[in-house]
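This briefing concerns one predicted model. Please consult the sequence and the structure shown here alongside the notes below.

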Amino acid sequence: FPLINFEGTWGDSSNINKAYENHKNRLIKLKEEWRNPYNEDLEFNRLIKLIRKNKQTNFILIRVPEHKINKEYYPNYDLRFNYLISLLEKDSNVKIKDYIDFKLSDDSFRDFNHLSVKGRKIFTKHFWEENFKNNDTFIK
């Protein structure tokens, strides 16, 4: 039975105001300097091999809530996620749970990429109730 807890450390209060202050400068800097440090094909292939090697194990891929502004930083994120899903949709031991657009207030985010303590508590409760409250074996 998996332990599902999206709460992390307790020191992560919301700093969303600072994120808004730095938004324009961060966008400019990312466009000028950012290079993807990950080889997506390598990472996807590693995940797919792990899943297919362990057919007797159920896997769940969870995309947690993100702040709406985060999409400005990573405009191809949905394309990459959908590509990964297309590679895994034939595998019956994989469940996909996509919560990227789960509605949360600004103070539920520490910044544009991470949930604050408040956001993690809200999301953990929702995730638990939706997936495990009446089911003690696996995700619906």
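- Ala19 belongs to helix H1, which comprises residues 16-33.
- At a relative accessible area of 12%, Ala19 counts as buried, because buried means under 20% relative accessible area.
- When neighbours within four places in sequence are set aside, the contacts of Ala19 are with Asp111 and Phe112.
- Although 93 residues separate Ala19 from Phe112 in sequence, their C-alpha atoms lie 6.7 Å apart in space.

**Strands E1 and E2**
- Strand E1 (residues 59-63) pairs with strand E2 (residues 94-98) in the parallel sense, over 5 bridges.
- Within this pairing, Phe59 is opposite Val94 of E2.
- E1 has two faces: Phe59, Leu61 and Arg63 form the covered face, whereas Ile60 and Ile62 form the uncovered face.

**Helix H4**
- Helix H4 spans residues 77-88 and contains 12 residues.
- From the first C-alpha of H4 to the last is 17 Å, close to the 16 Å expected at 1.5 Å a residue.
- Phe81, Leu84, Ile85 and Leu88 are buried in H4.
- These four residues lie on the same side of H4, because they cover an arc of only 100° around the axis.
- In general, an α-helix has 3.6 residues a turn, so residues three or four places apart point the same way.

Technical notes: Residues are numbered from 1 along each chain as its sequence is written. This is a predicted model: local features need pLDDT of at least 70, side-chain atom pairs count only at pLDDT 80 or more; totals for chains, interfaces and linings use all residues. Side-chain values use heavy atoms; hydrogens and water are left out. Buried means under 20% relative accessible area, exposed over 50%, partly exposed in between (1.4 Å probe, protein chains only). Contact means heavy atoms within 4.5 Å. Two strands pair if DSSP finds at least two bridges between them. The expected span of a helix is 1.5 Å times one less than its number of residues. The arc is that of the directions from the helix axis to the C-beta atoms.
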